[in-house]
Each structure stands twice: as structure tokens, then as C-alpha cells.
Amino acid sequence: MQMTVAEAIIKYMQEEEGIEILFGYPGGAVISFYDALYNSTLKHVLVRHEQGAAHAADGYARSTGKVGVCVATSGPGATNLVTGIATAYMDSTPIVAITGQVRTSAIGKDSFQEVDTRGITMPITKHNYLLKDPSEALRIIKEAFYIAKTGRKGPVLIDIPADVFSSKIEYSVPNKVELLGYRPNYEPHPLQLRKAAQLIKESERPIILAGGGVISSDASTELIKFAEKINTPVVTTLMGKGSIPEDHELCCGFIGMHGAAYANYAINESDLIIAIGVRFSDRSTGKVETFAPHAKIIHIDIDPAEVGKNVSVDIPIVADAKRALEKLCEIVEPKHNPIWWEKIKEWKTKYPLRYRWYDDEIVPQYVIEKIYEKTKGEAIVVTEVGQNQMWAAQFYKVKRPRQFITSGGLGTMGFGFPASIGAKIANKDKIVIDIAGDGSIQMNIQELATASAEKLPVKIFVLNNSCLGMVRQWQELFYNKRYACTLLDVAPDFEKLADAYGAYGRKVTKIDELEDAIEWALNINDAPVIVDIKVKREANVFPMIPAGGSIDKMMID
Amino acid sequence: MQHTLSLIVENKPGVLARIAGLFSRRGYNIESLAVNTTETPNLSRITLVVNGDEKVLEQITKQAYKLIEVIKVNDFTGVPVVERELALIRVKSDASTRRAIIDLVEIFRASIVDVSDKDLIIEVTGDSEKIDAFKKNLEPYGIKEMVRTGKIVMERGLKL
């Protein structure tokens, strides 16, 4: 059957990949693609800035495990996607980005809206393509999806010149993907598993460190079964939050710069770390030279390059987390670790997550606790980046994978709101919340128009401290209280802003208005809501390991 | 320590940019580079000389493997190989020095590929040390220009 490349791509995505939704923004170079979309049943969400499209596709992917798709035009359209693609790359989420490019004959001539998209996105994609030959369109789109969703997942970009979109091709999808240089290894090596089981048996203070890879490979059930069999405490990374229910008796919170003190102490004192789907990022380990000095490390990861990159590993297991955990669980011997548990319980009692109370103003951590209470811990929590993110991570205890969505690696302010749009579209029956700061929310505030147009009741809770709180906190602690450019004394009236966008808005300035406002927001079903909560500017995130510091230099409060 | 890596890659547009980009953004310096097709039409071989300890090299190798178009990475460090570079050297030469230069060319099994009244172009192949030595011997006559390729290597057939 003859059709245009644009039509073929749409048909392929719907029929072969089950894609139901695109997030995008039209423009000159993609006009034929949009023209093909006009007659299609594929739903398209019109964002108001391309960055929003990438984050929305990412939020869709993170909340479902499916591939998210975003579309943008050439030049500025493509460059506006860049932050979103980099965010997905750092957190290994599967998205496919389709960008328009100037006509094939105009490439390289500094044409209108021309930019070297493939060159720009090379370091932030798992792979990318410039599709110049229309006859390769179906092979490339098939490869793109395959690469995005297999192995260590990640973003793939296809840059398509305007004339290629409208070229006619025969619709014939290749039977299989043939990539000589891409063969992810899923099966764990049996010998490595036996060595791991032996180390586990010999260990006295074992700990499991679960990362985003556990969620990405849908290995949560296997993780819990494994942890229960060896009765071993589980700490997570920020990205691993939700891999085990946080009210599970084996769960000991998340480690890292703002992780629970007991989690950090536990990993630091352990004699064996069973790390699964983690990359030992600097925010998780603190000073890497002094990280967990007594521990041997078993590292299970799908990406061989992560093994030994940041920390030295004793038993590397390159495999899919789910399969490795299944197999490892079969061969490990049950154990009990009573002395170790006693120690951990002592830390948990001695250093619980807590926060300073202020009588005069609303305390942000308390807001998170109230949101948790009112949503019964069931909401999908998306965060922006900064203090809001850390407070949400600390005080919203999640129950399941894909329930906590945050930009962990790139730390992208402005991620939360568009990502929550993607998450809400994919999870119509669930409450989706964006925990925001007054700084972050302004970075993609234009997406209120998208959410309003789509009638998406995303709940935005702005923890409004009239400043860029995390940087302010560093300035207070390490820069002699010199608050350079972090105080946002002039800010929009979010209530009026919501109104202007056709959303609901409400201000909360007193603590006794809080619960009512949360309930009000949770009951809205036809449009986005902003609850602007004035919180104590001086509230800080603790515990804190100063950047580059060791876990034992942790500031408790 | 210097390592010679040989990458078999798919011969596709942009593949060299991917590798060069990977090396530069991860902070690995490329000392020498040679790229060309192989006996298989859709594959190219990239031979790289890089500096770094074992840990750095392990990361380079793994990161290179992550590129979809990289099929095979071989580290030839410590492996018996035939190693070649080619250099073209323009050296000053007149009637008074020509004979002496020709003697050197013969000793090094190089060849003169261009002659003028003021200079000669000499072609020499060999491993890095040989080319360095040849260059040093020519220096007293005055080297006006030198072009040198990246290193290429091939593993020896006989394991001794």
C-alpha cells in the first residue's frame, strides 16, 4: 500500500507499537506530519512549549512503562525538546522524539529554522537518526522504538526532513530489527549468581539498594520476595522510590544527600550491598571514596558500563533486574540478621525523618504530610526539582512502583507539571499531584493552557516560599547567608493566574485553611488546580550531606 | 599508559562524530586516529590510540560498546600485532645533501616519491618508533613539512 512517510509512521505507531497519544507542537517542517494526523485516530495533545511535550511524554512513560512519544518542528522546536530529552536520558525513560528537519536539499545551508538536531542530541539520546532516505522510514521507526524500550531504556530521536515526510513509500514493515551492535543481555550468569549467593550467605550486615532499574524492569514483586527471603533491609535511591512499598517492614527509606539518616547509616555500616538497577550517582553516594567503606558490592544492572563506573564492584551481574532477582531468589539461603536489624531499628528510632516546626507560618513538610493523609498515600506524585522534590520524597510514602515521578539525574526544574500532564492522561482513574515550588512551577507554567484544554484535573500544590529554596538553603549554610539572586519577591498571583488559564486556583496563607484547600483541590474533576500555599521561607531540607561530603558528615538538622 | 583500540563500526553517517563526541565528553583524549573501510563493505574500522589506566580503558570500552553502531571493540595492548603508520616528509635537499638522504632512505626502507631542486618528499611506513627515528635522522637536513597518518594494527597470526 502506497502512502506518505508521515502516514506510514502514524500507522506503524498505532498498529505495531500500540501508541495512543502524541505530545507535540506543529511547525513548518512537520506540517505534512500534522496533515496526516488530521485524518488519523491517533490522539495528539497540543502543548504550549515543546519542552512540555518532551516532559509530558516522559511522565506518560514513567507512569506506565510504555513508550512516550513527542513531536516538534525543526530548529527551535527541536532545541526546545532538548532539556526534556536529556531529562529522559539521565533517568533512562523510554521516549521517542520525532522532529522535523528542513528539506533534504536545504540541509547544511543555514536554512530557516535549521539546526543540526542529530548533532545536538547525540550525547543525550540512546540513539538518534536523520532519516534522509524515505525507503528506510519503517526500518528506522521500528528500530527507534525497539532501542527505546529494550535494554537500558532511553530516549531515541528521529529527525525527518520536510520532503521526506511527504514522500510516498510502500507500507511494508521489516519483520525484525537487525542491529549488529546492539544486543542487550538479559540473562544473569549462573556462576556470578552463585558467587553472589555465597557472599549473601557470609554477610552479617547485608543491605539491598534498589534503584530506578527495578521499577523500569517491573521487578518490584521479585525484589520484595528476594528481600523477604533473606530478611534484609531495603534502601532505595531517589529513582528507586516505590520499588518496595515504603510502609513495608523491610523498607528503610531512600539514601543520599537528603535521604533518611537511618538509610544512610545503614548503607554506610553494611558489609554487603546488593545493588540492583542503580548507578551510584554522586547524589546517592556522597563522597564516593568513603562510601560504605566496609561493604562488598554485588551490582546487578542491565548496562555493563554502569558496573565499576563510580564504585568498585565485587560481583558484577549484567542482566535484567527482574530475571536476576528471580534466579538469585531461587538459590539464596534464607537468613535472619537479628543483630543487624537491632542496629537498624535503633537508627530508625534515634534518627527518624523529622522537621523543624514554626508557629508563625506553614511548614512545607507538614503540607506534604497532609497531602499524603488526604490522598491516603494513593496519588501519583510528580515533583518539580529542589526543596519541594526532597520534601515530597521524604514525607510522601509511596506504595507501588511508578507512583513517584521525579527528575532525579538531570534535576530539571519545570519537569513536574508537564510530566504530571502525561501521567494524568495515562492514569485517568488516579489522582495525579504535582508538588511544586514557586520557582519551578514558573518554568513551564504555560502548560496550564494544555491541561485546561484537555480538562485534566492535575493538582498543583505550590510550596510557595518566595525563593529558590534549595539554592537559598545552600547560601544560608555554605555562603554566609548571601542570598544572591534566589529571593523571588515578585511572583505572579497564582490564584489569578489559574483563573486566567481557565483553571482553579486558591491561596492558603494560614495553617487552618490547609486541609480544606487540599480537600477542595482533590474534589475537582474538570480542570487543573493550583493551590498556592505560603510556607516558611527559612524551612530547610534535612538531613543533608553537603555536596562532596561523606555520609558520616551528614547534617541531621 | 598508551592503549591501541580497534573499533569495528557500522559504516553509517555520523558514526565517527558519535565516537569523537563520546570520547570528548567523557574526557578521554584521542592521541591518534585512523578510519577506513574493512573487508566487509558495510563495516568500518576505527583504530584509536588513547591514554589511561586500566579503569579508564574499561570505561572507554564499555561506553563505546553502548553506541548502537559499534559492533566490536578490541584492546591490542600487550597483544602481538603488526603496527603501521605512514608518513610523508618534505625535507630540504640540494645536490650536496641528496646522496646522504638517499642513503638514509635506503636504510629505513623508505622511498622518495617526489623530487625538486629544493626538496624531496619521502614516504615511510612502519611503527611509531621507526618513523620517529627516521624523522630524527632527517632533522639535520631541515624538515619543511610532515604529514603522518594514525596508527593501524592487525593481530599477528602466530601466537608464540
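Reader: Into which domains is chain B divided?
Author: This is a predicted model, in which local features need pLDDT of at least 70 and side-chain atom pairs count only at pLDDT 80 or more, while totals for chains, interfaces and linings use all residues. Residues are numbered from 1 along each chain as its sequence is written, and chains are lettered from A and ligands numbered from 1 in the order in which they are written. Domain bounds come from an automatic or database domain assignment; chain B is divided into domain 1 (2–75) and domain 2 (81–155).

Reader: Which strand gives the most to the side of domain 1 of chain B that touches domain 2 of chain B?
Author: Seven residues of domain 1 of chain B are in contact (C-beta atoms, placed from the backbone, within 7 Å) with five residues of domain 2 of chain B. Strands here are DSSP runs of E of at least two residues, and helices are runs of H or I of at least four, numbered from the N terminus. At least two residues of this side of domain 1 come from each of β1 (2–10), β2 (30–37) and β3 (43–51) of chain B. The most, three residues, comes from β2(B).

Reader: Which element supplies the largest share of the side of chain B that touches chain A?
Author: The contact takes 15 residues from chain B and 14 residues from chain A. On the side of chain B, two or more residues are given by each of α1 (15–25), α2 (54–66) and β4 (70–75) of chain B. The largest share, five residues, belongs to α2(B).

Reader: Why is strand β18 of chain A largely enclosed by the rest of the structure?
Author: A residue is buried if 20 or more other C-beta atoms lie within 10 Å of its own, exposed if 12 or fewer, and partly exposed in between, with C-beta atoms placed from the backbone. In a regular strand the side chains alternate between the two faces of the sheet. Lys459(A), Phe461(A) and Leu463(A) are buried on one side of β18(A), and Ile460(A), Val462(A) and Asn464(A) on the other. The strand is largely enclosed because the buried residues of β18 (residues 459–464) of chain A number six of the six.

Technical notes. Contact = placed C-beta atoms within 7 Å.
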